[in-house]
Amino acid sequence: MTGAGNFAGGERPPRGEQRGERPSRGERPARGGQWGGDRREGGRRPTRPTVDLPRQAAYEAVAAVHRDDAYANLVLPSLLRDAGLTGRDAAFATELTYGTLRHLGTLDAILGDAAGRDVQRIDPPVRDALRLGAYQLLHTRVPAHAAVSSTVDLVRAVGPGATGFANAVLREVAGRDADAWVAKLAPPMQSDPVGHLALAYSHPQWIVRSFAEALGGDLGETTRLLIEDNERPPVHLCARPGLADPGELADEAGGAPGAFSPYAVYLSGGAPGDLPAVAQGRAHVQDEGSQLVANALAVAPLDGPDGRWLDLCAGPGGKSGLLGALAAQRDARLTAVEVSEHRARLVEQATRGLPVTVLHTDGRTVGADPKLPEAHFDRVLVDAPCTGLGSLRRRPESRWRRQPSDLPPLTRLQRELLTAALRAARPGGLVAYVTCSPHTVETHVTVTEAARRSGVPVDFVDARPLLPARMPGLGDGPTVQLWPHRHGTDAMFLAMLRRT
């Protein structure tokens, strides 16, 4: 393949527009770009906006992710609201944003080949615009001419010196479909399966390797997981027990009851925050897997008193909300601990009206904090901070931010929190260790090491009977790993321990 400066059926861009590299200071647009159109010769403006609003919103979201380390699920809703986008336009902007972020690694490899240079040498605003354009060409039904022309218009707004370069690169990208690009650029599956899967399904190699290890080396199942990670997940609601009936909530929200959690409702789309049940605190947005692992702690058989529950890492409050609603039905009370002040406030909002006491403190202070005495609580949840590799379909940008170097400090924190939880549980009490990651270092290794080092005698409880009997693929126990491709949930891990 030739680079962007030489492509079939097109002219070479002017010399100043070939590079697509960082333009001079005088060429750089104002922050956010000139969305109303650029100045042309004679000071005249074009008669129409150069960038349509859905693509503008998608660009701003993707740019914020890369420029400001923002999260798309936090910045995109406000961008859609500010632009007045609803319905199909909002859906299109959302698809462009999340699709581009999910496929970023593969898109960058393709753009680098088409441009004849590493994408990191392309000016960031132009690079993000090209990513959006390449996604449209390879993964949507947008006609190629519309994808190219709209992206060139976008580049004209954010990097006007690179319009010819952008046109050349995108026309090169359009010369092959996605499968043909993978066949050209990915290493052979036979000799380098991890490298092939990483490029074909747009995940960093270390994550592909960790998934394959957690799945016992089954590359076929690893492939199905990677494919599922790149699909748009449905929105899951949790109908709070005692406050909302799942069937009635499904009718109210235009959704369907969940497959496994007794409280889950599936939505096909829309803005769940606008639903009356969510606004009134009768329901909240929560992945079905998170509901299942929290409910497992609540339904696990327990001898003796059962009125003092503890959520040791409570922010932002989804599991505390479900546990608090369950506690209200059983004359129990939940203590929710959160070390971050901002997240502690979110927990307070999420549990308003429930028998929940929120403590803004470090969960590792069990025994030193009089409000967190040792050997006191009947049921303890440790929803430990983790890499979040189990929710990459919902937060696709995380796959590009996380690094293997993140694991040592996280796993140390996980062990310390689980050790504190075991100290907090009374003899005979239960501790549920939960993490939204299938990485074996964050799951089996953390639990085994914490139990060994804690100095507290514990037994593992088989977690499988605590989940619905009809759930497939729960493994050999005693721990449980949920999977997007098996269960339609985030990849939640659950270990249940009993202090003896």
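These legends accompany close-up views of a predicted model.

**View 1. Helices α5 and α6 side by side.** Let's begin with a helix pair: α5 covers residues 124-139 and α6 covers residues 144-158. Their axes are 9 Å apart and meet at an angle of about 170°. Angles over 145 degrees count as roughly antiparallel, and α5 and α6 are therefore given that description. On the α5 side, the contact is made by Pro125, Val126, Ala129, Leu130, Leu132, Gly133, Gln136 and Leu137. From α6 come Ala144, Ala147, Val148, Ser150, Thr151, Leu154, Val155 and Val158. Sorted by type, the residues of this contact are twelve nonpolar, four polar and no charged.

**View 2. The largest nonpolar core.** This core has 51 residues, and those with the most contacts inside it are Leu130, Leu138, Val169 and Val173. The elements that give it two or more residues are α1 (53-68), α2 (72-83), α3 (87-102), α4 (104-115), α5, α6, α7 (163-173) and α8 (178-185). Apart from this core lies another, of 43 residues, which includes Val293, Leu302, Ala336 and Leu381. As background, nonpolar side chains tend to be buried together in soluble globular proteins.

**View 3. Around Val173.** Which residues does Val173 touch, not counting those up to four places away in sequence? They are Ile110, Leu111, Ala114, Ala134, Leu137, Leu138 and Trp181. Val173 is also one of the residues with the most contacts inside the largest nonpolar core.

**View 4. Helices α4 and α8 crossing.** Here the helix axes are 11 Å apart, at an angle of about 75°. That angle makes α4 roughly perpendicular to α8. Helix α4 brings Ala109, Ile110, Asp113 and Ala114 to the contact, while α8 brings Trp181, Lys184 and Leu185. Five of these contact residues are nonpolar, none is polar and two are charged.

View 5. Look for Asn230 in the loop between α11 (219-229) and β1 (235-239). Is Asn230 buried or exposed? With a relative accessibility of 12%, Asn230 counts as buried. Its side chain makes a polar contact with the side chain of Arg399, at 2.9 Å. Leaving aside neighbours within four places in sequence, Asn230 is in contact with Arg102, His103, Tyr201, His203 and Arg399.

**View 6. Thr222 in helix α11.** Thr222 has its place in α11 and is buried, with a relative accessible area of 0%. A polar atom of the Thr222 side chain lies 2.8 Å from the backbone oxygen of Asp218. Beyond its neighbours within four places in sequence, Thr222 is in contact with Leu197, Val208, Phe211, Ala212 and Leu215. Thr222 and Arg402 are 180 residues apart in sequence, and their C-alpha atoms are 19 Å apart in space.

**View 7. Ser210 in helix α10.** Helix α10 runs over residues 205-214 and holds Ser210. Ser210 counts as buried, at 5% relative accessibility. Its contacts, leaving aside neighbours within four places in sequence, are with Leu389 and His439.

**View 8. Leu346 and Gly317.** Leu346 lies in helix α16, residues 341-350. With a relative accessible area of 27%, Leu346 is partly exposed. How far apart in space are Leu346 and Gly317? Their C-alpha atoms are 6.5 Å apart, for a pair 29 residues apart in sequence.

Methods. Residues numbered from 1 in each chain as written. Predicted model: local features only at pLDDT ≥ 70, side-chain atom pairs only at ≥ 80, totals over all residues. Heavy atoms only, no water. Helix = DSSP H or I, 4+ residues; strand = E, 2+ residues; numbered from the N terminus. Buried < 20%, exposed > 50% of the residue type's maximum accessible area, 1.4 Å probe, protein only. Contact = heavy atoms within 4.5 Å. Axes fitted to C-alpha atoms, helices over the stretch in contact; angles between N-to-C directions. Parallel < 35°, antiparallel > 145°, perpendicular 65-115°, else oblique. Nonpolar A, V, L, I, M, F, W, Y, C, P; charged D, E, K, R; others polar. Core = buried A, V, L, I, M, F, W, Y, C linked by side-chain atoms within 4.5 Å. Polar contact = N/O pair within 3.5 Å; in protein donor to acceptor, adjacent residues only side chain to side chain.
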